[in-house]
Each structure stands twice: as C-alpha cells, then as structure tokens.
Amino acid sequence: MKQISRKEIDRKVKEILTDELQISDRSLKATDRLKGDLGADSIDAVDITLRLEREFTIIISEQQMEALTDCTVSDLCDIVQQLRSESE
C-alpha cells in the first residue's frame with residue numbers, strides 16, 4: 001500500500017467532507033463535529049464511510065461508522081491514519 005502523509009490524509013478527508021456535505025472548505029475546521037457543526041446525518045455517515053474506504057483502501061467497521069457523526073474532522077483523520085497503518 002502506498003504511503004500517504006498525514007497532510008495528504010487531512011486534505012483528502014476534507015475534500016470528501018466538503019463534497020458529501022456540500023459545504024465550503026473554507027468553513028471547515030479540524031474541531032468541527034460532523035453532526036453538531038456540519039449537519040451530517042446517518043445517511044451522510046454511510047456515504048462518507050464508503051468514500052473513505054475507496055479513497056484510502058481501508059475498511060471502517062460498523063461501530064466506527066455509527067460513531068462517525070459524533071466525531072470531529074480531526075478525529076476522522078486520526079481514524080483513517082490508524083486504519084491505514086494497521087493495514088500496512
């Protein structure tokens with residue numbers, strides 16, 4: 001699996017979030033909660049999960065997906081980074 005820097009993970013996660021949630025990347029902050037601040041719902045969580053899995057070649061568990069809407073953008077980047085390092 002190709003090595004991806006944390007900066008690249010952050011960029012791609014933000015790109016997916018802005019696309020799926022139809023928000024401006026300028027308004028997206030690392031501390032924003034997906035549900036509380038960005039308005040993500042459970043359907044958004046499924047869509048975001050599928051995109052993340054395809055983009056980063058990872059598998060997000062059902063439990064992680066259910067917790068997705070309560071996490072921050074930074075938390076989501078941490079999850080992706082952890083899953084990538086586990087699969088290497």
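I began with K12, which touches E55 and F56 once residues up to four places away in sequence are left out, where contact means heavy atoms within 4.5 Å. I am working from a predicted model, in which local features need pLDDT of at least 70 and side-chain atom pairs count only at pLDDT 80 or more, while totals for chains, interfaces and linings use all residues. Residues are numbered from 1 along each chain as its sequence is written, and side-chain values use heavy atoms, with hydrogens and water left out.

**Entry: K12 and its helix.** I placed K12 in helix α1; helices here are DSSP runs of H or I with at least four residues, strands are runs of E with at least two, and both are numbered from the N terminus. Is K12 buried or exposed? I noted that K12 counts as buried because its relative accessibility is 17%, given that buried means under 20% relative accessible area, exposed over 50%, and partly exposed in between, with a 1.4 Å probe and protein chains only.

**Entry: α1 against α2.** Two packed helices are described by the angle between their axes and the distance between the axes. I looked up both for helix α1 (residues 6-21) and helix α2 (residues 42-56), and found that their axes come within 10 Å and cross at roughly 145 degrees. The axes are lines fitted to C-alpha atoms, for helices over the stretch in contact, and the angles run from 0 to 180 degrees between N-to-C directions. On the α1 side the contact is made by I9, K12, V13, I16, L17, D19, E20 and L21, and on the α2 side by D44, D47, I48, R51, L52, E55 and F56. I then sorted the residues of this contact into 8 nonpolar, no polar and 7 charged; the nonpolar class holds Ala, Val, Leu, Ile, Met, Phe, Trp, Tyr, Cys and Pro, the charged class holds Asp, Glu, Lys and Arg, and the others, Gly among them, count as polar.

**Entry: T49 on α2.** I found T49 in helix α2, and I recorded it as buried because its relative accessible area is 3%. Which residues does T49 contact, leaving aside its neighbours within four places in sequence? They are I60, M65 and L68. Of these, I60 is 11 residues from T49 in sequence, and the two are 6.8 Å apart in space, C-alpha to C-alpha.

**Entry: the loop between α1 and α2.**
- I count Q22 as exposed because its relative accessible area is 72%.
- S24 is also in this loop, and counts as partly exposed at 37% relative accessibility.
- The C-alpha atoms of D37 and D70 are 9.9 Å from each other, although the two are 33 residues apart along the chain.

Entry: Most residues other than glycine have a negative phi. T57 sits in the loop between α2 and α3 (62-67), and is exposed, with a relative accessible area of 53%. I also looked up its separation from K2: the two are 55 residues apart in sequence and 10.0 Å apart in space, C-alpha to C-alpha.

**Entry: the whole chain.** I counted 4 helices and 0 strands in the protein chain, following the pattern α-α-α-α along the sequence. The C-alpha trace spans about 35 × 25 × 20 Å along its principal axes. The radius of gyration is 12 Å, which agrees with the value near 12 Å that a compact globule of 88 residues would have; the radius is taken over C-alpha atoms, and the globule rule is 2.2 Å times the number of residues to the power 0.38. Buried residues make up 35% of the 88 residues. Among contacts between residues at least 6 apart in sequence, 70% join residues at least 24 apart.
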